[in-house]
Amino acid sequence: MPATGKPIEPAVEEAGRGQRLHRLLIAELSAAGCFRPSPARSAVYGVFILGTYAAAYAMLLTGPGFAVRALSLVVLAFVSVHAGFLAHEAGHGAITRDRRIAECIGQVFNTLLTALCYAHFSNIHRAHHPHCNRRGSDPDLHSEIFSMYPQAARERSGLGRLISRHQAVLIWILVWLQGFTLKIDSLRHLRRDPRGTRVDQTVLVLHAALWFVPPVLVLGAADALLNYTLTTLLIGPYLGMIFLVNHIGTRVIEPDERLPHFEHEIAVTRNLGGTRLHDFLFGGLNNHIEHHLFPSMATSRLRAARRITREFCRRHGVAYRETSWFAAAREVASHFKAMSAFVPR
């Protein structure tokens with residue numbers, strides 16, 4: 001009780017505890033060197049992405065047989081997602097604090113290689129992190145056809161109502177289209193802000209030239225279009241495997257709820273497998289709790305931070321959600337099914 005004799009409000013006490021725990025955890029992670037940058041790892045990763053992308057692209061230009069062509073397309077889809085991982089890391093200042101260099105990395109690895117315009121990605125991701133799973137504020141909770149919370153389900157009509165009724169199954173089918181929807185959303189963003197996205201527009205033209213000038217001249221328009229379409233299609237399930245299981249099915253924060261940053265991010269995020277193979281396949285985002293608590297932490301440090309954070313939460317009685325991918329996928333499906341019950345009949 002304070003000196004005035006007035007009792008401390010529970011929300012104020014909770015906020016104070018959350019801030020104190022956050023400071024203590026930062027101190028432990030700092031002592032372990034988890035906030036040190038990792039420029040060498042980022043450089044090697046970038047070279048791997050560019051080299052693999054170039055090799056698979058060049059292989060397609062040779063007009064290979066079915067097996068080699070299919071392998072090249074799968075590799076291009078795989079490495080395109082990893083290009084997004086590196087651009088994502090740069091956008092958080094986890095590679096460099098120089099905004100111009102970070103912007104350059106983002107434009108090359110997002111806009112040029114994948115056509116997910118860096119300006120669009122940055123815009124939605126800046127809104128997602130501070131408002132993660134907050135109804136009405138987190139863009140990742142907004143969908144025209146899927147329902148992430150009861151209020152959205154009750155408001156569904158038309159095609160959105162039909163899909164939301166069966167979303168627990170349809171999500172795993174329609175996720176194949178995610179590569180296309182991200183490209184379309186990028187184009188919409190450029191149209192809404194033509195002056196502020198001139199760099200993106202220029203780099204996007206280079207992306208189109210990369211995929212439709214040499215390929216059309218060498219392979220013909222039909223094969224060039226088919227290669228691009230299939231690569232984009234294959235990006236979808238990989239993205240879905242990574243991002244559907246990070247937050248869906250965890251707590252939805254109401255607009256008027258006020259939680260300390262530490263408790264907020266812990267409540268709405270889950271971690272997946274912790275092996276080095278998981279780190280590679282998920283671009284480090286299997287350590288998603290640590291990424292959300294400390295988004296500017298280098299991806300290569302998240303693994304060490306995870307061990308410390310997990311033990312810290314255990315000592316202080318804080319729930320720490322860690323599960324396998326399959327268990328997380330079941331939770332996602334169960335959540336979607338539960339939300340379907342709110343859709344009007």
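Student: Is F336 buried or exposed?
Tutor: Keep in mind that this is a predicted model, where local features need pLDDT of at least 70 and side-chain atom pairs count only at pLDDT 80 or more, while totals for chains, interfaces and linings use all residues. Residues are numbered from 1 along each chain as its sequence is written, and side-chain values use heavy atoms, leaving out hydrogens and water. Buried means under 20% relative accessible area, exposed over 50% and partly exposed in between (1.4 Å probe, protein chains only). F336 has 0% relative accessibility, so F336 counts as buried.

Student: And F146, buried or exposed?
Tutor: The relative accessibility of F146 is 9%. That makes F146 buried.

Student: How do the rings of F146 and F336 pair?
Tutor: Phe, Tyr and Trp rings (for Trp, the six-membered one) pair if their centres lie within 6.5 Å; planes under 30 degrees apart are stacked, over 60 edge-to-face and the rest tilted. Here the centres are 6.0 Å apart and the planes sit at 50°, so the F146 and F336 pair is tilted.

Student: What kind of aromatic pair do F78 and Y238 form?
Tutor: Their centres are 5.2 Å apart. With 5° between the planes, the F78 and Y238 pair is stacked.

Student: Which residues form one aromatic cluster with F78 and Y238?
Tutor: The cluster holds F78 and Y238 themselves.

Student: Is Y238 buried or exposed?
Tutor: Y238 comes out at 10% relative accessibility. On that value, Y238 counts as buried.
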